[in-house]
Amino acid sequence: DPRRRPHRRRRHRRFDRRVIDVQRSRDRNGPRWKQRGLFLLKDGMVVLEQQQILAIRAFRHQMRLAGCWGACFEVSCFIQHTFGWVRVDGVYALPDGRPIFLHSWNALSDGSLLDGTADQFGEGDDVGIYPRNSPSFLRYREKYTVAHNPENTAWLKGQPYVGLPDRDFWDAAEAPKELPPGWWLAHPQQYLSWFRNGAAHYPMFATMREAYHRRGYNITHLV
């Protein structure tokens, strides 16, 4: 019928930092996209839009300028209140269970994990998104105490554990000076560069550098 209006392909709407809205795929065999509040699902997995990542980076920068160190707690609070993903507090650890830092991150609706301050670990990520049970995901765990650890807690059975609560591990390793900057990395150059650059811009980075010096660590690589 010549009177019918020609079909026009729907265009993706513009994104803003809070709401994402895209068309669903017309290909029944292709990836399925749909809106879920403030984020996207693609084949059941949460996908962050670039402007969301930029918003997280901008807030992280703001918090570090304000005097935070890694700013994991502040950034994960921002993510929870801006995008709705629940903050989780715990520990970032090595695969063998040794604790690196007390840490905060966010749980996504598909079971994966969002770390808005993954850059502070010097392992190549900036804003990290890790699928459930992936090797990176498994490095985020609950804090271990004298009473709450894989030896005493049913749901932690089988998890990597060095036999010490996290605080005791850090105290024992601090005495012989076994926790220099980047101690958890086989090749810490990227982390040291991140630390050194941060000390030129953020007040707490310079404070932490001096704290390492007072504790007896060599900081020549941080100047």
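What percentage of the 223 residues in the protein is buried?

## Overall architecture

Buried residues, meaning those under 20% relative accessible area with a 1.4 Å probe and protein chains only, make up 43% of the 223 residues. The model is predicted, so local features need pLDDT of at least 70 and side-chain atom pairs count only at pLDDT 80 or more, whereas totals for chains, interfaces and linings use all residues. Residues are numbered from 1 along each chain as its sequence is written, and side-chain values use heavy atoms, with hydrogens and water left out.

The protein contains five helices and eight strands. These elements are DSSP runs numbered from the N terminus: helices are H or I with at least four residues, and strands are E with at least two. Along the sequence, their order is β-β-β-α-α-β-β-β-β-β-α-α-α.

Contact means heavy atoms within 4.5 Å. Of the contacts between residues at least 6 apart in sequence, 47% join residues at least 24 apart. The accessible surface comes to about 13200 Å², and carbon and sulfur atoms account for 51% of this area; such areas come from the Shrake-Rupley method with a 1.4 Å probe, and for residues only the protein chains shown count as cover.

## Helix α2

Helix α2 covers residues 72-83, which is 12 residues. The expected span of a helix is 1.5 Å times one less than its number of residues. For α2 this gives 16 Å, which agrees with the 16 Å between its end C-alpha atoms.

The buried residues of α2 are Cys72, Val75, Ser76, Cys77, Phe78, Ile79, Thr82 and Phe83. They pack against helix α1 (50-65) and the strands β4 (86-93), β5 (99-107) and β6 (113-115). Just after the helix, glycine 84 has a positive phi of about 95 degrees.

A pocket is found on a 1 Å grid over the protein atoms alone, as an open set of points where a 1.4 Å probe fits, with protein on both sides within 12 Å along at least five of seven lines; lining residues have an atom within 4 Å of a point. The largest pocket has a volume of about 480 Å³, where grid points are joined across faces, edges and corners and the volume is the space filled by probe spheres set on the points. It is lined by 22 residues, of which Ile100, Phe101, Leu102, Trp170 and Met208 are the closest to its centre. At least two lining residues come from each of α2, β5, α3 (166-174) and α5 (203-214). By class, the lining has 14 nonpolar, three polar and five charged residues; Ala, Val, Leu, Ile, Met, Phe, Trp, Tyr, Cys and Pro count as nonpolar, Asp, Glu, Lys and Arg as charged, and the others, Gly among them, as polar.

Tryptophan 170 lies in helix α3 and counts as buried because its relative accessibility is 11%. Leaving aside neighbours within four places in sequence, tryptophan 170 is in contact with Pro99, Ile100, Phe101, Leu102 and Leu179.

## The second largest pocket

The second largest pocket has a volume of about 260 Å³. Its lining includes Val88, Asp89, Trp105 and Phe137. Strands β4 and β8 (140-141) each supply at least two of the lining residues. The lining divides into eight nonpolar, one polar and three charged residues.

Note on methods:
Buried < 20%, exposed > 50% of the residue type's maximum accessible area, 1.4 Å probe, protein only.
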